[in-house]
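Visitor: Please take a close look at how side chains are linked in this model. I would like the pairs one at a time, with where they sit and how accessible they are.

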Amino acid sequence: MTQVVHSTRPHRARALFVGTMTALLAACSLGGPAHAEDASINEAVFDAQSTFFAAIVTVKNDGEKWTHVLPGSVGFDARLKVDTRWPGYVERVGVWLGDCNGTGCGSNPRILFEVPLQRDFDVNRSLSFPVEKLLEARSGAIGYRDLIMNRCNSRPATEPHSFKMTIDATFSANTRKATAEGNFDPVEVGSGFNGGDVTRHDTFEINVDCLGPPRNTADRNADPDPHRTKITATGIDLFLTTFATPASTQHGPSGTQCKPLKVTTRVATDKAGPVNVKLWRQVNGGAITGESKQMHAEALGGGKFGDDWNEVEHFTQTTTVQYKAEVLGGTFAPSTKWKSITIHCNGDYAPPQSNANPDNRNPPAGKPQKEAKVPTIVTPPPRVTPPPPRIVCVGGKATAGACACPPATSPIQKSSTSFQCVKVAQVPDRRVGWQGSHASMQRRPMVQTKTAPGPRPQPMYRPFMRPGLR
């Protein structure tokens, strides 16, 4: 009988191979990147906000029709958010003009590109781009250049007008998976980014100004050169001043009076033309907001060009507000520092946030300052000048209740004719005041009488004294 012996080597080799592959898979899942796998998304947001006067497109008129769009810059504000589910991360993001999806956005003008390489991506961006990029984009099958020109030429060339236009925009992000942040390998950064696996859409508005015809024939036949008409901002400044007029003073809830604030943004350029500027604002250390405007620089004389943008702010209580202005477009565009001012309102002494404005001193903390009492000035009554004394006739004959003037032969009568006969009243005797209510009692006159001297009194002698001794 033959005994068959089975070898165990194949089984051991197979078990060793399975164990090795399992270890490799476990190692890859713990730290190695999985480049081809997209991350799961919890939330993705693209919120485009039109900024006030930030996107103004101007179209030139040759006298017969509107011909072309003038160079400039437009923009909008946007919130970009991609919240990935672990172990996902955001590799690259981009924003394109027009409506597109995924990698199909490569044929649209791109206005933003970033490489976050982080788990979640949530930022706010102020996007600015040349008008030329907008004219390259499309809304469906029609380009924005044709849409703008058709709307301008829908009216006679002699009627300048303006309108708003809605622009499509697309936000797309590329996501990957990795368990460790050190393995966020940007494997596709070297290639052009045409969109990713997460895409969102939104819209913003622009203002289109269809300018009127030129004033003379020379301007009508001019062919503008984009390189010569490019405007360069050479400087920007910011001024904060308060003023007061009877019609402008703002009254608060408790009868307080607050002076309005005038915010002046001044820009200087190398030639006349439009310049996009943004003004940032923060009130009492709160949220920062921005407002944009396209300013038009004009010749100021002496080879200088510029424009002023004035804004008036009204307040109803003591407020500390700060501002910052900047020129949009360009990497080295000029900007100002933050400037602060405290608006003190009469009767309202709420403690301000800062003392950056030396013209407005902060009151001490605690109770409001009391006004100093002004001493009352008493004006003495005017001095009354007594009338001149009247000349009393002397020597007249007294009658009942009157007096008789002297005869005409009197020397006094002859020398003057202004004499007047006056009855002189007797001065009352004040010595009877102590008598009280006994008004009928009168003091008898004191009569001094002389008496004859009497006999000299004789000295008296004491009985126990001897005679002769005094």
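Guide: Buried here means under 20% relative accessible area, exposed means over 50%, and partly exposed covers what lies in between. The model is a predicted one, and the values below are computed from it.

I begin with the salt bridges. Side chains of opposite charge can pair when their charged atoms come close. The count in this structure is eleven. One of them joins Glu-37 and Lys-177, at 2.8 Å from N to O. This pair bridges distant parts of the chain, 140 residues apart: Glu-37 belongs to the loop between helix H1 (9-31) and strand E1 (41-49), while Lys-177 is in strand E10 (residues 161-177). Glu-37 has 38% relative accessibility, so it counts as partly exposed.

Another salt bridge pairs Arg-176 with Asp-38, with 2.6 Å between the closest N and O atoms. Here too distant parts of the chain are linked, since Arg-176 is in strand E10 and Asp-38 in the loop between H1 and E1, 138 residues apart. The two partners fall into separate classes of accessibility: Arg-176 is buried because its relative accessible area is 7%, whereas Asp-38, at 34%, is partly exposed.

Asp-270 and Lys-271 also meet through their side chains in a salt bridge, at 3.0 Å from N to O. Asp-270 has a relative accessible area of 34% and so is partly exposed; Lys-271, with 26%, is partly exposed.

Next come the disulfides. A disulfide is a covalent bond between the sulfur atoms of two cysteines. A search of the whole structure gives three. Taken in sequence order, the bonded cysteines of the chain pair as 1-2, 3-4, 5-6.

Cys-100 is bonded to Cys-105, with 2.0 Å between the sulfur atoms. The angle about the S-S bond is 100°, and the link is right-handed. Both Cys-100 and Cys-105 are buried.

Cys-152 and Cys-210 make another disulfide, their sulfur atoms 2.0 Å apart. This link is left-handed, with -75° about the S-S bond. It connects distant parts of the chain: Cys-152 is in helix H3 (residues 144-152) and Cys-210 in strand E11 (residues 198-210), 58 residues apart. Cys-152 counts as buried because its relative accessibility is 0%, and Cys-210 is buried at 3%.

Helix H3 also holds Asn-150. With a relative accessible area of 53%, Asn-150 is exposed.

The remaining disulfide joins Cys-258 and Cys-345, with sulfur atoms 2.1 Å apart. It is right-handed, with 115° about the S-S bond. The pair links distant parts of the chain, 87 residues apart: Cys-258 lies in strand E14 (residues 257-258), and Cys-345 lies in the loop between strand E20 (339-343) and strand E21 (397-399). Cys-258 is buried because it has 0% relative accessibility; Cys-345, at 2%, is buried.

Strand E20 leads on to a sheet. Seven strands form an open sheet in the order E12-E15-E18-E17-E16-E19-E20, with antiparallel pairing. Strand E12 (233-242) and E20 are the edges; each has a single partner strand, so one side of each lacks a neighbour in the sheet. From one strand to the next the twist averages 25°.

Notes:
Residues are numbered from 1 along each chain as its sequence is written. This is a predicted model: local features need pLDDT of at least 70, side-chain atom pairs count only at pLDDT 80 or more; totals for chains, interfaces and linings use all residues. Side-chain values use heavy atoms; hydrogens and water are left out. A disulfide is a pair of cysteine sulfur atoms within 2.5 Å. Buried means under 20% relative accessible area, exposed over 50%, partly exposed in between (1.4 Å probe, protein chains only). Helices (H or I, at least four residues) and strands (E, at least two) are DSSP runs, numbered from the N terminus. Two strands pair if DSSP finds at least two bridges between them. Axes are lines fitted to C-alpha atoms, for helices over the stretch in contact, and angles run from 0 to 180 degrees between N-to-C directions. A salt bridge is a side-chain nitrogen of Lys or Arg within 4 Å of a carboxyl oxygen of Asp or Glu.
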